[in-house]
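Here is a quick tour of one fold, written for someone who likes cut-offs spelled out. Have a look at the model first, then read on.

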Amino acid sequence: MAARALTTVRSGFRRLSTFSAFSPPPPAQAPPKADPSTNLFVSGLSKRTTTEGLREAFQKFGEVQKVVTDRVSGYSKGFGFVRYATLEDAAKGIEGMDGKFLDGWVIFAEYARPRPPPPTPEAPSGYQNGYQNPPTY
């Protein structure tokens, strides 16, 4: 009798262990590629990479108009933006620098995505023009 109860308990555990209320998350999808533009997003930068160092590295492929890094220190935050004068120069910059080493780190260059519009602030329900509506009795 004890053996039968033990097999019943084991099969019960087996049933519980094969069923899961949780499903795995869907596979992550890569964000869509950005449209070609003169603005490049550069990631994987060393903290030691300066604006001038980034400009020198990318200037080999065309006229660099602007390089964006940290405003206070002038160093990178691990990423930066490079703006070229033409689309052709930007394409050459990606081809020449994507996956290359800069200051001992492998960097990645791609077309920058446009910044999404800021969300419109919505007042919580019961508020109008920033003031709470008086209760109705």
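## The sheet and what packs on it

Strands β1 (residues 39-43) and β3 (residues 79-84) run antiparallel and are joined by five bridges. In that pairing, V42 sits opposite G80 in β3. Helices (H or I, at least four residues) and strands (E, at least two) are DSSP runs, numbered from the N terminus, and two strands pair if DSSP finds at least two bridges between them.

A word on provenance: this is a predicted model, where local features need pLDDT of at least 70 and side-chain atom pairs count only at pLDDT 80 or more, while totals for chains, interfaces and linings use all residues. Residues are numbered from 1 along each chain as its sequence is written, and side-chain values use heavy atoms, with hydrogens and water left out.

Zooming out, the pair belongs to an open sheet of four strands in the order β2-β3-β1-β6, with antiparallel pairing. The edges are β2 (64-68) and β6 (108-111), each with a single partner strand, so one side of each has no neighbour in the sheet. On average, neighbouring strands here are turned by 25° against each other, direction ignored.

The angles run from 0 to 180 degrees between N-to-C directions, with axes as lines fitted to C-alpha atoms, for helices over the stretch in contact.

| Helix | Strands touched | Direction angle |
|---|---|---|
| α2 (residues 51-58) | β1, β2, β3 and β6 | about 145° with β2 |
| α3 | β1, β3 and β6 | about 150° with β6 |

Leaving aside neighbours within four places in sequence, D89 is in contact with F61, G62, E63 and Y84.

Together with V106 and F108, F101 makes a nonpolar surface patch of about 310 Å².

## The chain as a whole

The protein chain has three helices and eight strands, running α-β-α-β-β-α-β-β-β-β-β from the N terminus on. Of its 137 residues, 23% count as buried. Among contacts between residues at least 6 apart in sequence, 66% join residues at least 24 apart.

Conventions: Patch = residues over 30% accessible without salt bridge, like charges linked within 9 Å, V, L, I, M, F, W, Y side chains within 5 Å. Areas by Shrake-Rupley, 256 points an atom, 1.4 Å probe, with all protein chains shown as cover. Salt bridge = Lys/Arg side-chain N within 4 Å of Asp/Glu carboxyl O. Contact = heavy atoms within 4.5 Å. Buried < 20%, exposed > 50% of the residue type's maximum accessible area, 1.4 Å probe, protein only.
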